[in-house]
Amino acid sequence: MFSLYLLVLFLFISIVTSNPTFRLAETLRGNDFFDSFIWETFDDPTHGRVNYVDKDIAKANNLSYASPDNSKFIMRADAYNIVAPGTRGRDSVRISSRTSHFQSLMILDVQHMPVGCGTWPAFWTVSKDGPWPNGGEIDIIEGVNMNCDNLSSLHTTGNCTMSNTRNQKGNTVSSNCDADVNYNQGCGTAFTQPNSYGTAFNQNGGGYYAMTKDDINGVKVWFWPRSCSSIPPEVLQPPQFDQICTDNWGTPDASFPVDQCGYDAHFGDGHITVFDITFCGDWAGSAFDASDCGQSCGSFVDNSPYAFSEAYWEVNSLCVYDRVIG
């Protein structure tokens with residue numbers, strides 16, 4: 001009887017701790033982004049020297065467009081005009097998805113990400129209900145200025161911390177996810193794989209990012225450089241797979257386990273997806289090195305338009321899967 005009890009307990013634990021299965025919900029390429037995303041135009045919440053423009057202006061000024069064969073979507077900052085004093089800042093884009101997903105898997109195939117002094121790009125998710133930080137924020141791709149390593153982070157309500165040592169390839173930078181602590185630093189993991197961010201990422205032809213969010217494992221983020229020889233087939237050609245399980249994906253680059261931070265209390269809401277490019281602001285401005293760029297962050301952004309010729313996202317595809325329940 002005792003042996004039978006142990007067997008049942010083992011099977012129960014195995015089921016509970018296994019990776020869930022996700023079913024394809026949407027595939028976005030090229031012009032799909034124009035229908036599936038909203039161009040946000042409010043003042044930058046992170047106080048950047050940026051002027052987010054609407055979709056019509058973005059199209060008219062070539063800041064957002066699809067490639068002629070509809071295989072790529074590009075969103076960029078203005079790289080031609082000096083910014084006038086008294087304005088919000090350099091024209092740029094911030095888009096958020098019309099759809100939201102609860103427990104989900106996202107696979108992003110990105111060819112190029114924004115880089116340069118004063119530049120602060122991010123690809124992230126946030127609760128559709130809010131108000132922020134209720135429901136949590138998950139930063140999948142983020143960095144500033146001339147960074148070369150990606151930083152994935154969580155920003156949450158209180159009582160959410162991570163242990164410094166976890167089953168992840170990256171290095172823990174900070175462990176308290178509470179947005180009210182440490183000036184909203186959040187709990188972050190710095191990636192250690194080469195080419196995960198910035199100029200090196202772009203020179204390598206970009207790569208693939210994947211993120212899972214579920215109440216079994218919490219949040220996991222993986223990265224594969226485009227030159228990697230061991231990219232899972234589900235990541236290389238996600239639309240060909242109606243269902244995906246991450247059992248064979250190996251150790252994630254960043255892991256934020258659910259046992260460290262209650263899922264329902266901090267991430268239960270559906271999440272929308274956001275891409276943005278801002279400048280200076282609360283993080284990029286404080287991390288800005290004037291010795292590299294010759295002047296203060298705000299002045300550099302205003303007066304150096306051609307320095308932002310590489311400040312653009314070039315996305316091949318974004319596939320989103322919802323968790324299969326039952």
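## Salt bridges

A search of the whole structure, which is a predicted model, finds nine salt bridges, a salt bridge being a side-chain nitrogen of Lys or Arg within 4 Å of a carboxyl oxygen of Asp or Glu. One of them joins lysine 72 to glutamate 314, with the closest N and O atoms 3.4 Å apart. This pair links distant parts of the chain, since lysine 72 is in the loop between β4 and β5 and glutamate 314 is in strand β19 (residues 312–323), 242 residues apart; helices (H or I, at least four residues) and strands (E, at least two) are DSSP runs numbered from the N terminus. Lysine 72 counts as partly exposed at 23% relative accessibility, whereas glutamate 314, at 14%, counts as buried. Here buried means under 20% relative accessible area, exposed over 50%, and partly exposed in between, with a 1.4 Å probe and protein chains only.

Arginine 323 forms a salt bridge with aspartate 215, their closest N and O atoms being 2.7 Å apart. Arginine 323 lies in strand β19 and aspartate 215 in the loop between β14 and β15 (218–225), so the pair ties together parts 108 residues apart in sequence. Lysine 128 and aspartate 129 also meet through their side chains in a salt bridge (3.1 Å, N to O), and Glu40, Arg94 and Asp276 are linked in a network of salt bridges.

## An open sheet

Eight strands form an open sheet with antiparallel pairing, in the order β2-β7-β18-β9-β10-β11-β13-β12, where two strands pair if DSSP finds at least two bridges between them. Because β2 (37–39) and β12 (171–172) stand at the edges with a single partner strand each, one side of each is left without a neighbour in the sheet. Two bridges join β12 to the antiparallel strand β13 (residues 187–190), and threonine 172 stands opposite threonine 189 in β13.

## Two loop residues

Asparagine 70, in the loop between β4 (64–66) and β5 (73–76), is partly exposed, with a relative accessible area of 30%. The side chain of asparagine 70 reaches the backbone nitrogen of asparagine 31 at 2.7 Å.

Glycine 205, in the loop between α4 (198–203) and β14 (207–214), is buried, with a relative accessible area of 16%. Leaving aside neighbours within four places in sequence, glycine 205 is in contact (heavy atoms within 4.5 Å) with Val110, Gln111 and Arg226.

## Basis of the values

Residues are numbered from 1 along each chain as its sequence is written, and side-chain values use heavy atoms, with hydrogens and water left out. In this predicted model, local features need pLDDT of at least 70 and side-chain atom pairs count only at pLDDT 80 or more, while totals for chains, interfaces and linings use all residues.

Conventions. Polar contact = N/O pair within 3.5 Å; in protein donor to acceptor, adjacent residues only side chain to side chain.
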